Amino acid sequence: MASSDGAVDSASRGIRHNSPMEIHTRSEAIVVDNISKIYTTPNGPLKVLDDINFRAEQSESIAIVGVSGSGKSTLLSLLAGLDLPTSGTISIHGESLTAASEDKRAWLRNRYIGFVFQQFHLLPNLTALENVALPLELRADAQAGAHARTVLAQVGLGSRLQHYPRQLSGGEQQRVALARAYCPHPRILFADEPTGNLDAKTATKVAELLFELNDEYATTLVLVTHDEGLAARCHRRVQLLDGRLWTD
Ligand code: ADP
Ligand code: MG
């Protein structure tokens with residue numbers, strides 16, 4: 001289906017400035033058209049994202065890079081339906097996040113999305129096992145505990161099930177956060193600097209895990225990272241600069 005001049009290949013990479021709507025035939029996990037984000041601040045409006053277009057196909061892995069303050073976390077939270085853009089549209093697996101009611105957006109997040117926060121956001125009064133099982137319990141999954149144990153074992157924490165977050169190292173907390181995001185097998189996993197707080201050895205371990213899980217479940221992976229090594233392992237890399245998104 002690809003033409004010899006690579007036009008389809010370049011379209012499937014999907015990110016271009018001010019690109020017109022393209023016709024896509026492959027399964028698209030994320031479709032973003034012309035989004036901008038303007039924060040209201042005491043010093044006036046602050047435009048953080050400026051007319052961004054973005055496509056991600058199912059099972060792709062994509063690294064978003066950019067200097068601190070370039071809007072990476074803002075973009076990730078919009079793609080994950082945690083916040084709304086000032087203008088533009090976002091859909092995941094054919095369902096609009098931007099046109100959805102708050103309830104519908106929560107439902108879409110629950111159905112399709114896992115999110116690994118940079119600061120983990122584990123619940124301090126729950127054990128590792130309880131933290132990971134919680135999203136499944138909220139879905140009334142009778143196997144919540146068993147699934148949580150399996151995924152915690154996968155991330156190498158089978159012997160830390162009853163530990164509370166404060167009893168775990170930063171790397172271990174990051175792996176619990178990853179296990180929690182992955183346990184419901186989300187179609188799309190977002191991770192904000194998943195190796196940012198980790199020593200080199202643990203960072204490598206967490207990266208291995210991300211890509212293993214990505215392979216195993218054909219999950220679409222969208223990572224924000226400063227780690228060029230991690231970015232290089234993704235299928236592609238995009239850069240935020242001056243509010244705009246650039247493909248290398
Ligand atoms: P990054 O993740 O690339 O470091 P962020 O997306 O966190 O960048 O932030 C981008 C810019 O937007 C920063 O200048 C930050 O100060 C600003 N910003 C982020 N969140 C808010 C907010 N809720 N209100 C006002 N400004 C914000
Ligand atoms: Mg950030």
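Tutor: Take Leu189: leaving aside its neighbours within four places in sequence, it is in contact (heavy atoms within 4.5 Å) with Gly114, Phe115, Val116, Leu178, Ala181, Tyr182, Leu210, Thr219, Thr220, Leu221 and Val222. This is a predicted model, in which local features need pLDDT of at least 70 and side-chain atom pairs count only at pLDDT 80 or more, while totals for chains, interfaces and linings use all residues. Residues are numbered from 1 along each chain as its sequence is written, chains are lettered from A and ligands numbered from 1 in the order in which they are written, and side-chain values use heavy atoms, with hydrogens and water left out.

Student: OK, and which residues have the most contacts inside the largest nonpolar core?

Tutor: They are Val116, Val132, Leu152, Val176, Leu178, Leu189 and Leu223, in a core of 40 residues. Such a core is a set of buried Ala, Val, Leu, Ile, Met, Phe, Trp, Tyr and Cys residues joined through side-chain atoms within 4.5 Å, where buried means under 20% relative accessible area with a 1.4 Å probe, protein chains only.

Student: Which element gives the largest share of this core?

Tutor: That is H7, with seven residues; helix H7 covers residues 200-217, and helices (H or I, at least four residues) and strands (E, at least two) are DSSP runs, numbered from the N terminus. Apart from this core lies another, of 31 residues, including Ala56, Leu75, Ile90 and Val222.

Student: New topic: how many aromatic pairs are there?

Tutor: The count comes to three, where rings of Phe, Tyr and Trp (its six-membered ring) pair if their centres lie within 6.5 Å, and planes under 30 degrees apart count as stacked, over 60 as edge-to-face and the rest as tilted. One of them joins Phe115 and Phe190, a tilted pair with 6.2 Å centre to centre and 35° between the planes.

Student: What does that pair tie together?

Tutor: Phe115 lies in strand E6 (residues 113-116) and Phe190 in strand E7 (residues 188-192), so the pair ties together parts that are 75 residues apart in sequence. Both Phe115 and Phe190 are buried, and ring pairs link these two and Phe117 into a cluster.

Student: And where does ligand 1 come within reach of Gly69?

Tutor: An oxygen atom of ligand 1 is 2.7 Å from a polar backbone atom of Gly69. For Ser73, a backbone N or O atom lies 2.9 Å from an oxygen atom of the ligand, and for Thr74 the distance is 2.6 Å, from an N or O atom in the side chain to an oxygen atom of ligand 1.

Student: Last one, what pLDDT does the protein chain average?

Tutor: The chain averages 88, and 90% of the residues score at least 70, pLDDT being the predictor's confidence in each residue, from 0 to 100.

How values were computed
Buried means under 20% relative accessible area, exposed over 50%, partly exposed in between (1.4 Å probe, protein chains only). A polar contact is a pair of N or O atoms within 3.5 Å; within protein, one must be able to donate a hydrogen and the other to accept it, and residues adjacent in sequence count only if both atoms are side-chain atoms.
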